[in-house]
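Good morning, colleagues. Please look at the model now on the screen.

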Amino acid sequence: MTAASSGTTTNRSDAPAAVKVCRVCSSSGVRSILDIGSVPLANSFIEPELVNGAEPTFPLGLQFCPTCAIVQLPTTVDPETLFRHYLYTPSASTTWREHCDELAAWLHDQVDDPDAFVVEPASNDGCLLRSIQRWAPNVLGVEPARNIAEQAVRDGIPTINDFFGDSTARAIRAEHGPARVVIGTNVLAHVPDIVDFVRGAAALLDEDGLFVVEAPYLRDLVENVAYDTIYHEHVSYLSVTALARVYPLAGLILTHVERTPTHGGSIRFVGRPLGAEPDASVARFLTDERALGYADGSVLADFADRVDRLRVSLGNVIRSEAAAGRRLGAYGATAKGNTLLTTCSIDKGAIRYIVDRNPLKQGRLAPGSHIPIVGPDRLESDPVDILLLLAWNIAEEIIAQQRSFAKRGGRFLIPIPEPHFIDGG
Ligand code: JHZ
Ligand code: ZN
């Protein structure tokens, strides 16, 4: 689980040029499928005293590579800017902690060896390694955010403060020996050079090794119009078709895939050293994706129109509720929430505040919209009638916590796949 920046020092003149060739296969045939304008970085929450400073924006959209079928951003923001200081930690979410326990148990079934050396790129605060340590104590995290790596070490998770890639992987192998498992959640989509990352996993693994990654699944994004999950941290939007082509370029073979429910719909990709046999799941996903148009990109033909319709209807719902005298807030100062707010032009005139439990985000302003981030107690002292659920991926967990809001008649507004209300009662 990668972490991101608390603010950026990049200025507008550093905005990167559009990538004209595919990052993965170098094909020059990439075609644009979505352009949603230029927005601030999704995790660059602003200190209130800096609100009048320049707020850099970067172009946001999607392009498709017909050669390798990867869907990617047209521009790359330097990972040093995005990930060296990060405010997002996943451990606060029960949904995520339970998922880490489930993933650790699944891994234990695959690798029943208490001596297994397990390495996690983008280990964030060590949430997953803590679950894995229960059966495989020899773990190592690799986390680029200094503040979070230091915290993980203080909490007893051995962690190297670095980005993962081929050179880091070789250094780890030289010092610690080969790994039985390289596992990463919500990191592969964040990496500009996927081939280098997978090559690193291949270099680090022993011959029976297992490379496990989880990432948001392109099919869930498209089917649910979850366009808010498009932001500069997410360089690639992954399908089985694309990764089955990418892994062999880096010395691995995709052997198993399965869908998982986190972050609005993700996928678990399992890779092994070349020579391993894929199980039936890979062929099944490839057949389905081909039939649905993910291999030739045809499924994406109307995606931009669907995004436009969602943006218009969310704006209309919010305006009509405000016109009817209802007070609106939002819940979850999420990265995706900031894509949603900025691209739907929703600002502090429409939404009074965004509630978030993370004390590092409280007191700051959301990038672009400048809506203040507040603690949950604000819901009692300054009540609203409607909460736009920006963390819709953990709706169940949040709604269960907010029974008193629902009892007072409060309603949750879920933005995707089309804006709709639930009363939470
Ligand atoms: P959440 C992050 O996206 C960023 P975000 C990242 N780039 C990524 O890839 C995805 O995750 C996977 C708060 N909260 O998980 C905490 C409460 O306030 O949807 C978080 O700020 N009360 C790594 O930012 C936010 O909600 C609660 O009870 O879109 C959730 O953020 C709970 C459980 C959470 O990820
Ligand atoms: Zn390509």
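**The zinc site**

Cys68 is buried, with a relative accessible area of 5%; buried here means under 20% relative accessible area, exposed over 50% and partly exposed in between, with a 1.4 Å probe and protein chains only. Before I continue, two remarks on conventions. This is a predicted model, in which local features need pLDDT of at least 70 and side-chain atom pairs count only at pLDDT 80 or more, while totals for chains, interfaces and linings use all residues. Residues are numbered from 1 along each chain as its sequence is written, chains are lettered from A and ligands numbered from 1 in the order in which they are written, and side-chain values use heavy atoms, leaving out hydrogens and water.

Which residues coordinate the zinc ion (ligand 2)? The donors are the SG atoms of Cys22, Cys25, Cys65 and Cys68, at 2.3 Å. Donors are N, O and S atoms within 2.8 Å of the metal (3.2 Å for Na, K and Ca), and sites may look incomplete because water is not among the atoms. The angles subtended by the four donor atoms run from 103 to 118°, which makes the arrangement tetrahedral; the criterion for four donors is that all angles lie between 85 and 135 degrees. For comparison, the ideal angle for four tetrahedral donors is 109.5 degrees.

Along the chain, the donors of the zinc ion (ligand 2) follow the spacing C-x2-C-x39-C-x2-C. Cys25 sits in the segment before strand 1 (31–39) and Cys68 in the loop between strand 2 (58–64) and strand 3 (71–72), so the pair ties together parts 43 residues apart in sequence. Helices (H or I, at least four residues) and strands (E, at least two) are DSSP runs, numbered from the N terminus. Cys25 is partly exposed, at 26% relative accessible area.

**Ligand 1**

I turn to the other ligand. There are 24 residues around ligand 1, of which Glu233, Lys336, Asp356, Arg357 and Gln401 come nearest; a residue counts if one of its heavy atoms lies within 4 Å. Polar contacts are pairs of N or O atoms within 3.5 Å. The side chain of Lys336 places an N or O atom 2.6 Å from an oxygen atom of ligand 1. Tyr88 has a polar side-chain atom 2.7 Å from an oxygen atom of ligand 1, and Tyr331 has one 2.8 Å from a nitrogen atom of ligand 1. The protein covers 96% of the 740 Å² of accessible area that ligand 1 has on its own, by the Shrake-Rupley method with a 1.4 Å probe.

**Salt bridges**

How many salt bridges does a search of the whole structure find? The count is 17, where a salt bridge is a side-chain nitrogen of Lys or Arg within 4 Å of a carboxyl oxygen of Asp or Glu.

Arg268 and Glu214 form one of them, at 2.7 Å from N to O. This pair links distant parts of the chain, with Arg268 in strand 11 (residues 266–273) and Glu214 in strand 8 (residues 205–216), 54 residues apart. Arg268 is buried at 0% relative accessible area, and Glu214 is buried at 2%.

Asp308 and Arg311 form another, with their closest N and O atoms 3.8 Å apart. Both lie in helix 10 (residues 303–323), three residues apart, and are therefore separated by about one helical turn. Asp308 is partly exposed at 42%, as is Arg311 at 22%.

Definitions and conventions:
Tetrahedral: all angles 85-135°; square planar, octahedral: opposite > 155°, others 65-115°. Polar contact = N/O pair within 3.5 Å; in protein donor to acceptor, adjacent residues only side chain to side chain.
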